[in-house]
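Hello,

Here is the structure I promised to pass on. Please open it first, then read my notes below.

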Amino acid sequence: MGKQTPLYDKHVVMGAKMVDFGGWDMPLRYGSQIEEHHQVRNDAGMFDVSHMSVVDFTGPDTRQFLRKVFANNVDRLTTPGKALYTCMLKPDGTILDDLIVYYMDENWFRVVFNASTHDKDLAWVKEQAKSFSAMEIIEPPNMAMIAVQGPNARAKVGAVFDEPVRSAIAALAPFTAAHFGDLFISRTGYTGEDGFEIILPAAQVNDVWRSLYGEGVKPIGLGARDSLRLEAGMNLYGSDMDETTSPLESGLGWTVAWEPEGRDFIGRAALEKIRSEGTTHKLVGLILEGKGVLRNHQKVIVKGQDGGEVTSGGFSPTLGKSIAFARISKEVSGTCKVEMRGQQMVATVVKLPFVRNGKSVQ
Amino acid sequence: MSNVPAELKYTKSHEWVSVEGDTATVGITDHAQDLLGDMVFIELPDVGASFEKGGDCAVVESVKAASDVYSPLSGEVVEVNEALADNPEAVNNEPYASWLFKLKMSDASQLDDMLDAETYSGVAADDSH
């Protein structure tokens, strides 16, 4: 049996099919995964993301430390509440994790790491922090996290909080956060829809979950979370990137802050070398033209030869077709073939995302 | 607990069969559809095709995985449920009404080897653990 979030009993009572995810027992789906997907695209749904790890970096050395360990530059963060998406790299330029870092104040940055990478991330930052004496790394204990996503998320989340939180939610700009004591609310997410991620004490999370349910926000499992993020063109750590790939071949070149040149972040020298020599592969979107579903690790065939592989595949409820991310040879455009169940099927190579604001952009 | 109608016969690979004369109607069980999740594509055999008992004859593909359907009996396909092409989720909603194909059996004695509802319930329960 895996670790349980504070909402575990709620999931079971609501009839969820539970699965292991990074050592946690998490809801895969409560009923129909496709209906859950549409619920988020058309109205509002909520996800238990309490398995993700919240880590606070505090003290006067924090900014200098994060300038070193993150490939994106935290100097872009100067306004309290502002968020930044970044990769954390190894010296060889491959990806340890992807994360969001929030600027709380000059002595406090908050980071949300992935669940499955928690132990190695903590070990890594603690090792790198040895030469930064004026900084502490704190994991706030007994926290929970709910994501509420969908076009109606804003109104429904506002309705479950009292003033002044309600007004702050209404005023929150995209990719920013506000906090009220232990309650932290950011206008972020992993679905391509408007919405919020709410970090709060575990002791309060069941009440908030119940209140959201009362507002018509339906619970959504990991299955729909995956198809939503796939449509939205958002990478999943461990599938689309890992410790064998750099941001430059993972569609994440835009998250690497090359300027200023003097910022010597971990992985910089290796990435500069990769950039000057040129990458051989790129991460693209695929749309399957025929029937069937693209699945992780299926082989991509280009001109009869090995051209790469599907990193994340699935069925897109919004497009009514199968879609995927694939890491393929850089020169490929137009179409390719994917080896599926012994047959080669034609797929169209497209730019990400597949869906924006609830509508197909393909 | 999944639904296992008493009047049907079953296979360990989660197909169900109902028999009328020498024709067997074949589908997948409630337990199978629940394991697979939302169906998105269903590939049916051609009418006129013949299968041996245990031969793979159809594919049900869900959001989670593609899964072969094995012919529970030997025989020739005499009809397929074409409505499933546009409405694969019918297999999720009504697994025992949403048959996949009908076989003209070549050896009705094979029915004796199939599982009854009680035995299949035990197989499905073990499988869930």
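From α2(A) come Gln33(A), Glu36(A), His37(A) and Val40(A). From α8(A) come Gly223(A), Ala224(A), Ser227(A) and Leu228(A). By class, this contact holds three nonpolar, four polar and one charged residues. Please keep in mind that the whole model is predicted.

How do the two helices lie? Helix α2 covers residues 33–42 of chain A, and helix α8 covers residues 222–231. Their axes come within 8 Å and cross at roughly 55°. The crossing of α2(A) past α8(A) is right-handed.

Next, one loop residue in chain A. Where does Thr94(A) sit? Thr94(A) lies in the loop between β5 (83–89) and β6 (95–105) of chain A. Is Thr94(A) buried or exposed? Thr94(A) has 20 C-beta neighbours inside 10 Å, so Thr94(A) counts as buried. The cut-off for buried is 20 or more.

Which residues does Thr94(A) touch, leaving aside neighbours within four places in sequence? They are Leu89(A), Glu243(A), Thr244(A), Thr245(A) and Ser246(A). Thr94(A) and Glu249(A) are 155 residues apart along the chain. Their C-alpha atoms are separated by 9.9 Å.

Now chain B. Start with strand β6(B), residues 56–62. This strand is mostly covered, with five of its seven residues buried. Strand β6(B) pairs with β4(B) and with β7(B).

- β4(B), residues 39–43, runs antiparallel to β6(B), and four bridges join the two. Here Phe41(B) stands opposite Glu61(B).
- β7(B), residues 66–70, is also antiparallel to β6(B), over five bridges. Here Asp56(B) stands opposite Tyr70(B). A hairpin of three residues links β6(B) to β7(B).

Last, the contact between the chains. How many residues does each chain give? Chain B gives seven residues and chain A gives eleven. On the side of chain B that touches chain A, four residues are nonpolar, one is polar and two are charged.

Then go to Thr94(A) in its loop. Finish with β6(B) and the strands paired with it.

Best wishes

How values were computed. Residues are numbered from 1 along each chain as its sequence is written. Chains are lettered from A and ligands numbered from 1 in the order in which they are written. This is a predicted model: local features need pLDDT of at least 70, side-chain atom pairs count only at pLDDT 80 or more; totals for chains, interfaces and linings use all residues. A residue is buried if 20 or more other C-beta atoms lie within 10 Å of its own, exposed if 12 or fewer, and partly exposed in between; C-beta atoms are placed from the backbone. Two strands pair if DSSP finds at least two bridges between them. Axes are lines fitted to C-alpha atoms, for helices over the stretch in contact, and angles run from 0 to 180 degrees between N-to-C directions. A crossing is left-handed if the near helix is turned anticlockwise from the far one by less than a right angle, and right-handed if clockwise. Two residues are in contact if their C-beta atoms, placed from the backbone, lie within 7 Å. Ala, Val, Leu, Ile, Met, Phe, Trp, Tyr, Cys and Pro count as nonpolar, Asp, Glu, Lys and Arg as charged, and the others, Gly among them, as polar.
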